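Subject: Model handover

Hello,

Here is the structure I promised, with my notes on it below. Please read them with the model open.

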Amino acid sequence: MTRFLKYKAVIIVMALLALTGNIINAQGKLTIEECREKAVDYNKELKKANLQKEEAVASQKAARTAYLPSLKAEANAMHISGLDDISTPGYFLPTAESEEAAQMGQFSGISDVWSPGMTIEMNNLNVVYGGLSLSQPVYTGGKIATSNKMADVGVDMAALSYDLKYSEIIELNDQAFWNVAMVEANINLAEKYIEMLTETEDMMTAMYDVGLQPASEKLKVTVQKNEAELQLMMAKNGLKIAKMNLNQILGNDLEKEINITYDSIDNIQLITMTNGIQMANENRDELLLLKKNIEMSALDKKMVVSDYLPQLGVGIQYQGTYVSDFAEDVEFSPIVAAQLSVPIFQWGQKNKKKRAAQFKIKQNEMELSHSTDLIHLQVQNTKVKVEEAYEAILIAEKNIVEAQESLDETKSSFEVGLNSTTDLLIAQTNWLKARLQRIQAVAKYKTLETTWKKVTGQLKPE
């Protein structure tokens with residue numbers, strides 16, 4: 001009884017260890033969504049695009065401050081050394097017949113009243129000026145409002161550039177993910193194929209031993225098996241390369257061992273692809289960026305016009321001056337000022353710059369029209385490819401059923417001597433090809449699903 005309990009305890013422990021191992025293994029496998037998150041977190045170009053978004057927002061906030069008054073403190077100091085003294089000689093005061101004549105500078109003679117001379121010692125002169133000034137733009141020809149709108153458009157463009165880079169990374173990640181999945185499926189299939197050939201080889205050996213088959217027939221199977229083992233080795237090497245590619249996208253060490261997991265791909269359904277062109281027109285980041293370019297060009301034109309409109313600003317200053325030996329008692333005094341600038345004549349510069357800005361708008365409009373046509377073509381082309389990949393899956397599934405039936409029948413006929421070894425090997429090869437075709441078609445279809453979402457503008461950050 002005790003021995004039975006010990007044996008039961010060992011079984012329970014082993015079962016728990018196996019279950020724990022399965023849980024750890026499941027936790028170590030990455031889904032396509034987890035790979036996307038890691039790729040987005042790692043990608044340096046996306047981080048750069050995010051910094052550009054933050055830069056655009058900071059510039060937008062800076063542009064808002066142009067509406068507000070600006071306060072400035074200013075101070076200037078000047079020291080002049082080695083100045084010559086200022087001397088004024090003495091003289092007798094002139095006489096006039098009346099006060100009015102004196103005021104008019106009409107003097108009639110010289111009096112006996114002496115005005116002594118004066119000497120001012122200069123030597124060094126120190127001058128200090130300081131004050132505060134507050135200025136407020138009143139009218140700038142719409143320049144401030146236009147610059148704020150340009151900053152808003154800049155924020156939108158930075159966000160669109162980020163979204164565009166995001167969709168590119170998601171597509172690249174999914175391509176690498178399904179490439180790994182395809183190679184892994186090929187390896188599993190190759191191993192099953194080798195098992196099938198091994199069973200056939202064992203059967204041929206038994207038939208050779210009893211004299212029912214010559215050695216040459218057995219060697220045909222052995223050669224086919226050796227070729228399959230070579231293909232398996234190459235597939236395993238291909239898996240290493242595929243995982244290196246995925247590791248690079250995820251920001252892992254290239255040699256890191258990673259495992260992936262995904263939902264069952266037994267029952268593939270064709271995705272809905274209606275209104276693809278309409279979705280692309282509304283959501284494609286490339287088209288939205290070009291529309292923003294047109295909007296920015298129109299604002300550039302407004303900015304050109306504002307340069308030739310009147311500019312009005314007001315300000316108030318509070319200032320004082322200190323001059324050594326002359327004005328040492330500093331008194332601050334307020335000054336209110338207004339400035340109006342009206343452009344009058346610039347040799348037609350305004351109209352020339354407006355024409356240049358208008359040409360830029362037309363260039364951007366033509367680029368938008370051309371890109372729209374290309375994107376419509378891309379959407380239709382991708383739709384056709386998705387449908388072709390789905391049809392390839394359906395055809396491959398039919399081929400699998402037929403190849404399996406053919407293999408079963410050929411194997412049964414071979415066992416009773418109605419088919420040759422070559423017929424059996426051909427049937428086994430067709431069985432392998434049909435399954436390989438489905439694996440490749442599914443991987444291609446899954447990748448094209450992501451491509452379809454990208455070309456119709458559905459791959460957006462959450």
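Gln 106 is partly exposed in this predicted model. Gln 106 sits in the loop that runs from α4 (99-103) to β5 (109-115). Leaving out residues up to four places away in sequence, Gln 106 touches Ala 96 and Ala 101. Thr 321 is 215 residues from Gln 106 in sequence, and their C-alpha atoms are 38 Å apart.

Other loop residues

Leu 68 is in the loop between α3 (44-64) and β2 (70-83). Its relative accessibility is 53%, so Leu 68 counts as exposed; the cut-off is over 50%. Beyond its neighbours within four places in sequence, Leu 68 is in contact with Gln 136 and Pro 137. Leu 68 and Val 314 are 246 residues apart in sequence, with 12 Å between their C-alpha atoms.

Thr 140 is placed in the loop between β7 (123-139) and α5. Is Thr 140 buried or exposed? Thr 140 is buried, because its relative accessible area is 16% and the limit for buried is under 20%. Not counting residues up to four places away in sequence, Thr 140 touches Ser 306, Pro 310 and Gln 311.

Phe 332 belongs to the loop between β9 (311-323) and β10. At 46% relative accessibility, Phe 332 is partly exposed. Phe 332 touches Gly 130, Tyr 318, Gln 319 and Gly 320, again leaving out residues up to four places away in sequence. Take Tyr 318 from that list. Tyr 318 is 14 residues from Phe 332 in sequence and 6.2 Å away in space, C-alpha to C-alpha.

Positive phi outside glycine

Asn 275 has a phi near 60 degrees, a positive value in a residue other than glycine. Asn 275 lies in the loop between β8 (259-260) and α7 (276-283). With 52% relative accessibility, Asn 275 counts as exposed.

Trp 347 also has a positive phi near 60 degrees, and Trp 347 is not a glycine either. Trp 347 is in the loop between β10 (333-341) and α9 (349-415). How exposed is Trp 347? The relative accessible area of Trp 347 is 72%, which makes it exposed.

Helices and the glycines after them

Helix α5 covers residues 143-209, 67 residues in all. From first C-alpha to last, α5 reaches 98 Å, close to the 99 Å expected at 1.5 Å a residue. Just after α5 comes Gly 211, with a positive phi of about 80 degrees.

Helix α6 has 36 residues, 215-250. The reach of α6 is 52 Å from its first C-alpha to its last, close to the expected 52 Å. Gly 251 follows α6, and its phi is positive, near 85 degrees.

Helix α10 has 35 residues, 421-455. The reach of α10 is 50 Å, first C-alpha to last, close to the 51 Å expected at 1.5 Å a residue. How many residues of α10 are buried? The count is 25 of the 35, so α10 is largely enclosed by the rest of the structure. Just after α10, Gly 457 takes a positive phi of about 75 degrees.

The chain as a whole

The secondary structure comes to ten helices and ten strands. The radius of gyration is 45 Å, well over the 23 Å that the globule rule gives for 462 residues, so the chain is more spread out than a compact globule. Along the principal axes, the C-alpha trace spans about 165 × 70 × 45 Å.

Of the 462 residues, 33% count as buried. The accessible surface of the chain is about 29000 Å², and carbon and sulfur atoms account for 56% of that.

Last, charge. The chain carries 48 positive and 61 negative side chains. The centres of the two sets lie 8 Å apart.

Best wishes

Key
Residues numbered from 1 in each chain as written. Heavy atoms only, no water. Helix = DSSP H or I, 4+ residues; strand = E, 2+ residues; numbered from the N terminus. Expected span 1.5 Å × (residues − 1). Rg over C-alpha atoms; globule rule 2.2 N^0.38 Å. Buried < 20%, exposed > 50% of the residue type's maximum accessible area, 1.4 Å probe, protein only. Areas by Shrake-Rupley, 256 points an atom, 1.4 Å probe, with all protein chains shown as cover. Lys, Arg positive; Asp, Glu negative; His and termini not counted. Charge placed at Lys NZ, Arg CZ, Asp CG, Glu CD. Contact = heavy atoms within 4.5 Å.
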